[in-house]
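Here is a friendly walk through one structure, with an eye on where its parts meet. Have a look at the sequence and the model first, and then read on.

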Number of protein chains: 2
Amino acid sequence: MKSETSPKDQLYQTAAKLFYQHGYRAVGVDTIAAESGISKMTLYRHYPSKDDLIIAYLKESDDDFWRYFESSTRNAPTPYEKLLAFFQGLQEYVTTPACYGCPFLNIASEYPEADYPGHQVALEHKQRVRTRFTRLAKDAGAAKPAMLADQLVLLMDGAYMSTRMFESDNPARHVAAAARALLDSAIGN
Amino acid sequence: MKSETSPKDQLYQTAAKLFYQHGYRAVGVDTIAAESGISKMTLYRHYPSKDDLIIAYLKESDDDFWRYFESSTRNAPTPYEKLLAFFQGLQEYVTTPACYGCPFLNIASEYPEADYPGHQVALEHKQRVRTRFTRLAKDAGAAKPAMLADQLVLLMDGAYMSTRMFESDNPARHVAAAARALLDSAIGN
DNA sequence: ATGGTACGATACAGATCTGTATCGTTAGTA
DNA sequence: TACTAACGATACAGATCTGTATCGTACCAT
């Protein structure tokens, strides 16, 4: 059957969960090893350093994000509705206990130095989102698509951070309505 | 003249700068002592622990925020214009190299556990901002003032995080326009 | 059967961090 | 002048962290 998860997968899943919930600096390799039931030596056999494990997690999070982005917007017929659908899905996610914010914002907070490798990965991710938003905003007929995209990025990141901060009564519950207001204001329909 | 800064002040100013720029976990007490030119023993004579120093910084940051809030909105004649003025000033600040994000969002990222004292201080700060926004939104005639306030909080926090992440070409340069759009949409004038 | 590969367990090196203990010095004050 | 309070310098205790070294074992393919 070969359905057993490999030690590397086991390690990765545990690290991903701990990094996301508790932060990158707060989680040590000993904790990851103990929690996953995999030896620390095996960890270092698969990942040369803790930073490599962090980078692997960030790259996978980027893939996850785009997988979700595609699936949440696929059924929306227009660019306008695609953006709305994304923010509707985002709102549902960030008002869920499973959400601990944004892995990329979290790494940027913990490692603000621009030359840290993880910071670079995060920055590139946000730039791709910005580019994608800009394209959709343009196709939706916005007069200033780059400006609208930036405004939507602020909303998205604000929602992620609210979720990391608030346990209940989260301001992010209004992110979809806010996105709609910005879209309507920028498109003018 | 007695104008010399006291060792405690020297210590505090150095710690504030380092915490804000590099993060709380990344900055150790030895670094603070060395950078300030004050002995580590003197640090612990004034602050029982590093956490106490962090809390002192957060409380002072809260005061700073409200001082700025009052000064930036004082000359605006209406609640609507007060909110616009705040976001205009925020935009100017976050597009400046002196800005390293929001001390409260930063602490929430680095210490996500809700029972960490610093997290509590941060949460209370954000709640006060939310309350203040709600009051102004209500006085400005918004149909759903709490919702508008939440949307503005998302924008504000998104702008802070963008600044921590981006060095140039910062999406936060459009935060004032976004706030205006949300206000106009919610008030309907 | 045998050899290679992956993993577990453990100990450890070396760095770093928070916080304390000790002692010397300096400055202000009665 | 002598006392006191604050500070500096240094060493250190104890914990924690990343990463490595070593050795034993289990499994798998030839």
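## Before we start

Helices, here, are DSSP runs of H or I with at least four residues, numbered from the N terminus. Please keep in mind that this is a predicted model.

## Around the DNA

Let us begin with DNA strand C, which is surrounded by 16 residues. The closest are Ser39(A), Thr42(A), Gly28(B), Ser49(B) and Lys50(B).

Which helices each supply at least two residues of this surface? They are helix 3 (40-46) of chain A, plus helix 2 (29-36) and helix 3 (40-46) of chain B. Helix 3 of chain A gives the largest share, four residues. By class, the surface near DNA strand C has six nonpolar, five polar and five charged residues.

## Where the chains meet

Now to the two protein chains: 39 residues of chain A are in contact with 39 residues of chain B. On the chain A side, helix 6 (103-110), helix 7 (117-139), helix 8 (145-165) and helix 9 each supply at least two residues. Helix 8 of chain A contributes the largest share, 13 residues. This side of chain A is made up of 21 nonpolar, nine polar and nine charged residues.

## Helix 9 against helix 9

The axes of helix 9 (residues 175-187) of chain A and helix 9 (residues 175-187) of chain B come within 9 Å and cross at roughly 100°. The two helices are therefore roughly perpendicular to each other, as angles of 65 to 115 degrees count as such.

Chain A makes this contact through Ala178(A), Ala181(A), Leu182(A), Asp184(A) and Ser185(A) of its helix 9, and chain B through Ala178(B), Ala181(B), Leu182(B), Asp184(B) and Ser185(B). Sorted by class, the contact has six nonpolar, two polar and two charged residues.

Conventions
Residues are numbered from 1 along each chain as its sequence is written. Chains are lettered from A and ligands numbered from 1 in the order in which they are written. This is a predicted model: local features need pLDDT of at least 70, side-chain atom pairs count only at pLDDT 80 or more; totals for chains, interfaces and linings use all residues. Axes are lines fitted to C-alpha atoms, for helices over the stretch in contact, and angles run from 0 to 180 degrees between N-to-C directions. Angles under 35 degrees count as roughly parallel, over 145 as roughly antiparallel, 65 to 115 as roughly perpendicular and the rest as oblique. Two residues are in contact if their C-beta atoms, placed from the backbone, lie within 7 Å. Ala, Val, Leu, Ile, Met, Phe, Trp, Tyr, Cys and Pro count as nonpolar, Asp, Glu, Lys and Arg as charged, and the others, Gly among them, as polar. A residue is near a molecule or strand if its C-beta atom, placed from the backbone, lies within 6 Å of it.
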